[in-house]
Amino acid sequence: MSLNKKILAAAIVGGLFAGSAHAQVNLSATTANPVLIAQEANIGADGLTVLNPGGALTLQTNTNYAFSDGEVRYARIQCSPNMVFPAAAASAVTLTGASVGNLNGVGTNAINFSITANGAVPSTAVLSVAGPRIFTSREAVSCEYSLYDQPSQAASGGETGRIAIQQGAYAAFAASYGYNNTVFNSVASVEADPSFSDFLTNTTGTTANTARLGQILFNTRENVLTDADQPIGAAGTAVTLATILGTTTRHVVNGDFSAAANANGTFTGEALTRVFVATGTTTCAAATGATRVNATAVTATSATFATGNGVVAGGLCYTPRDGVAIPASDYSISLAPVSNDGYTASPAGPSAVGSITRDGTELQAPFVQVPAGWLARIAISNTGTSDRPYSLSVLSANADGSTTVEAFDLAADVKTGMIPAGTTRVIRLDDASLAAAARRGTVIVNVAGPSNTVQGLYQVVNPNTGLVTNHVMVRPDTN
């Protein structure tokens with residue numbers, strides 16, 4: 001079964017393709033309910049002609065005037081300038097119990113005609129104007145019905161001689177598809193070994209090794225919005241995803257996927273299986289075979305799914321490589337559309353999918369070095385009521401004027417430890433290889449404690465002169 005069919009089958013099982021009826025547009029209705037036209041439909045030099053096989057474009061209104069037998073009056077239907085009544089509408093006007101004369105004004109946005117009552121016609125009688133329409137722009141269309149005493153008055157429009165009026169919204173252009181995602185949050189645990197290499201299990205489906213970032217739903221408008229009609233296309237029938245989108249359409253999830261990389265830094269092979277959509281199931285672990293859709297491309301900042309023009313309905317799952325620290329990140333999904341003939345498919349999104357946060361506290365000293373004869377320290381305070389474990393890691397820096405990375409490390413006995421409640425732990429950096437070779441780099445501290453109880457300071461001291469330089473350690477995403 002192809003990738004598109006896998007996703008589509010899961011969507012059908014879930015009942016996502018329930019259709020919606022397209023009723024006529026009634027100007028007399030209390031609540032305006034204009035017909036929706038697919039905004040992706042191309043409008044050419046001659047406009048966009050939309051057919052009306054199911055009556056979605058049929059305009060209706062009460063006459064708001066009680067006719068006597070044989071009485072003759074003159075009606076005018078005028079709409080916004082960007083909509084035209086084509087010649088095909090000439091025989092499409094009806095009123096039960098009355099005869100309608102020839103239509104004047106076809107080929108413009110306003111038509112007028114006579115109405116002759118064949119017996120008594122109540123004011124609640126419904127005048128109906130069927131036929132196709134031509135749209136010359138995507139501006140919303142409103143229409144107005146007026147009834148006049150004289151034919152010249154109906155031809156001119158305006159207030160003079162008008163004895164009845166009804167107006168309202170008639171047509172609007174709208175996106176034919178979109179996202180309606182359910183956003184989850186997964187937490188990388190500072191108490192994992194190493195820190196942040198596992199998730200905390202939660203009730204939304206995240207396990208220790210796999211985050212269920214969120215639930216994706218990409219579908220037609222009627223299936224992602226409450227009580228929404230599906231827009232119609234040039235054929236006058238509701239468009240589907242396959243009407244507009246080509247089979248090479250893709251969805252791209254943006255966020256930090258750096259922990260999906262293989263050990264050699266590449267994102268091929270097994271890395272592609274670390275980001276996937278679980279269809280037809282509420283857990284990532286149960287997604288196998290036809291219910292698992294792996295990414296077709298992954299980078300440090302994105303994952304691409306070649307889903308084509310089918311529905312996407314499933315959990316977005318992420319399994320970082322074992323033992324790798326998982327960065328905090330927000331995730332969103334966007335449509336990279338390919339258009340079918342007659343349509344210009346619009347991008348959709350970015351739409352939020354989920355997020356990864358870290359418990360505990362991360363502090364960074366972005367640039368650490370120890371000049372000869374100086375001392376360097378990191379002080380970590382714990383103002384809470386519980387002892388908190390910590391771990392240190394380092395990033396090496398390039399030498400001045402060179403692309404060579406000067407590696408440095410910290411002594412084993414300072415890499416991990418405990419900060420007792422209500423105390424400050426001072427860690428000497430100059431007793432490591434950092435000082436011995438005058439190297440430089442970044443020191444990262446992870447503390448398994450709440451951020452509001454943990455602070456960090458990087459300090460450089462000249463013991464000969466007493467000169468002290470202090471730098472408050474930064475917190476990622478806050479500076």
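Predicted model: local features only at pLDDT ≥ 70, side-chain atom pairs only at ≥ 80, totals over all residues.
Across the whole structure, seven aromatic pairs were found. In one of them, Tyr 177 and Phe 218 adopt a tilted arrangement, with 5.6 Å between the ring centres and 55° between the planes. This pair links distant parts of the chain, since Tyr 177 belongs to strand β14 (residues 177-179) and Phe 218 to strand β16 (residues 211-220), 41 residues apart. Tyr 177 and Phe 218 are both buried.

Arginine side chains were found over aromatic rings at two sites, described in turn. Arg 292 is positioned over the face of Phe 276, at 3.6 Å from the ring centre. The charged end of Arg 358 sits over the ring of Phe 196, 4.1 Å from its centre. Arg 358 also takes part in a salt bridge with Glu 362, in which the closest N and O atoms are 2.1 Å apart.

The search of the whole structure gave six salt bridges. One of them joins Arg 73 to Asp 149, with 2.4 Å between the closest N and O atoms. Because Arg 73 lies in strand β5 and Asp 149 in the loop between β12 (141-148) and α2 (151-156), the pair ties together parts that are 76 residues apart in sequence. Arg 73 is buried, with a relative accessible area of 18%, whereas Asp 149 is partly exposed at 28%. Glu 71 is linked with Arg 73 and Asp 149 in a network of salt bridges. A further salt bridge connects the side chains of Arg 274 and Glu 270 at 3.7 Å, N to O. Arg 274 is buried at 9% relative accessibility; Glu 270, in contrast, is exposed at 54%.

Val 239 is located in the loop between α3 (221-224) and α4 (241-244). With a relative accessible area of 4%, Val 239 is buried. When residues up to four places away in sequence are not counted, Val 239 touches residues including Ala 38, Ser 176, Thr 220, Ile 244 and Tyr 343. The C-alpha atoms of Val 239 and Ala 41 are 9.8 Å apart in space, although 198 residues separate the two in sequence.

Backbone geometry was also examined. The peptide bond between Asp 193 and Pro 194 is cis, with omega about 0°, and Pro 194 lies in the loop between β15 (182-188) and β16. A cis peptide bond also runs from Gly 349 to Pro 350, where omega is near 5°; Pro 350 is in the loop between β23 (329-336) and β24 (351-358). Asn 64, although not a glycine, has a positive phi of about 60°. Asn 64 occupies the loop between β4 (59-62) and β5 (72-79) and is partly exposed, at 31% relative accessibility.

Notes
Residues numbered from 1 in each chain as written. Heavy atoms only, no water. Phe/Tyr/Trp six-rings, centres within 6.5 Å; stacked < 30°, edge-to-face > 60°. Helix = DSSP H or I, 4+ residues; strand = E, 2+ residues; numbered from the N terminus. Buried < 20%, exposed > 50% of the residue type's maximum accessible area, 1.4 Å probe, protein only. Lys NZ or Arg CZ within 6 Å of the ring centre and 35° of its normal. Contact = heavy atoms within 4.5 Å. Salt bridge = Lys/Arg side-chain N within 4 Å of Asp/Glu carboxyl O.
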